[in-house]
Amino acid sequence: MLFMCHQMSMKKEAQEKLKAEELRKARAASDIPIIWILGGPGCGKGTQCAKIVEKYGFTHLSTGDLLRNEVESGSDKGRALQAVMASGGLVSNDEVLSLLNDAIGRARGGAKGFLIDGYPREKNQGIAFETRVAPADLALYFECSEDTMVKRIMARAAAAAVKRADDNEATIRSRLRTFAENTHAILEQYNDKTLTINAERDVDDIFLEVVQAIDCVLRNKQKAAALC
Ligand code: AP5
C-alpha cells in the first residue's frame, strides 16, 4: 500500500513537471511579456496599469480585483476571502495563484502581454508563479512613503461612490504592515529583474519611466525572437 502511494505521488510529480515544462516551452516560443506590478497599498499600481493598457494593449490582471470578483459572487469561498481581505492580511498562495492561472488561461490566446498587478506579495508567490505559470520578464516596484499611500487611499475612498471594504484607516494600517513584512524578501529575491520607480511623483512622470522599461523588455524580446 505504502509502495503504491509512493508510486502514485511520483507519477503525479512527473506529470506536474511535464506540465510546467510544456508551459515553459509554450511561453519561450512566444514573445508575450509578463510584468509583475509591485508596491504598497495606494502607491498607484492600478493607475499605472491603466496607462500601460492604453499604450500597449496588454492584459491587466489585478489579484485584488480577481479576489473582489470572487467575493462579489457571494460564494462560500468569497466569504472566506472577504474576511482575510478585511483584516488586511494575505489570501492563501494557492487561492490567489489558482485565480490568476485561470484568468491567464482565459486571456492567453489574444494577449499582447500580461500585467500581473499586486503579485507576488510574498516570496513564495513569485516562486510558485515562475514554476507553474511562466517566468516574469520584469517587475516594476512603485516605491512610495506610507504617508503618501495613506493619503491617496483616503482621498480615493472619499471620492468613491462605493467605498472599498478595506479602505478604512485600521485596515489600511494593517495592509501597510503586511506589505512591509513581505516586500524586502521579494525585492531581494528578484533584484535582477526589478526596476524600482519613485512613485511619489506626478502620474505622467512615473509613466515615462515605466514606458522606458517596457520598451526595453519589448526590444529584448524581439531580439530573442529573431535569434530563434
Ligand atoms: P489590492 O486590490 O491589490 O489593493 P492594494 O495593493 O492595497 O492596492 P490598491 O488597489 O489599494 O492601490 P493601488 O496601488 O492600485 O493604487 P491606485 O492606482 O488605486 O489588494 C487588496 C487585498 O487583496 C490585499 O490587502 C490582500 O488581502 C488581497 N490580495 C491581493 N493580492 C494578493 C496576493 N497576491 N496575495 C494574497 N492576497 C492578495 O491609486 C490609489 C489612489 O491614488 C487613486 O485615487 C489614484 O488616483 C491616486 N494616485 C495614483 N498615483 C498617483 C500619483 N502618482 N500621484 C497622486 N495620486 C495618485
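Biologist: What should I know before reading the model?

Modeller: The model is predicted, so local features need pLDDT of at least 70, side-chain atom pairs count only at pLDDT 80 or more, and totals for chains, interfaces and linings use all residues. Residues are numbered from 1 along each chain as its sequence is written, and side-chain values use heavy atoms, with hydrogens and water left out.

Biologist: How many residues surround the ligand, and which are the closest?

Modeller: A residue is near a molecule if one of its heavy atoms lies within 4 Å of it. Here 29 residues surround the ligand, and Thr 47, Gly 89, Arg 121, Arg 156 and Arg 175 are the closest. By class, this shell has 10 nonpolar, 10 polar and 9 charged residues; Ala, Val, Leu, Ile, Met, Phe, Trp, Tyr, Cys and Pro count as nonpolar, Asp, Glu, Lys and Arg as charged, and the others, Gly among them, as polar.

Biologist: Which atom of Arg 175 lies 2.6 Å from an oxygen atom of the ligand?

Modeller: For Arg 175, a polar side-chain atom lies 2.6 Å from a ligand oxygen atom. Lys 45 likewise places a polar side-chain atom 2.8 Å from an oxygen atom of the ligand. In Gly 118, a backbone N or O atom lies 3.0 Å from a nitrogen atom of the ligand.

Biologist: Where does the ligand sit?

Modeller: Rolling a probe the size of a water molecule over the atoms shows where empty space is left. A pocket is an open set of points on a 1 Å grid over the protein atoms alone, where a 1.4 Å probe fits, with protein on both sides within 12 Å along at least five of seven lines; lining residues have an atom within 4 Å of a point. The ligand sits in the largest pocket, meaning that more than half of its atoms lie within 2 Å of the grid points.

Biologist: What is the volume of the largest pocket?

Modeller: A volume is the space filled by probe spheres set on the points, which are joined across faces, edges and corners. For the largest pocket this is about 910 Å³. Of its 49 lining residues, Pro 41, Lys 45, Arg 121, Arg 164 and Arg 175 are the closest to its centre.

Biologist: Which residues does a cis peptide bond join?

Modeller: Most peptide bonds are trans. Here a cis bond joins Tyr 119 and Pro 120, with omega about 0°.

Technical notes
A polar contact is a pair of N or O atoms within 3.5 Å; within protein, one must be able to donate a hydrogen and the other to accept it, and residues adjacent in sequence count only if both atoms are side-chain atoms.
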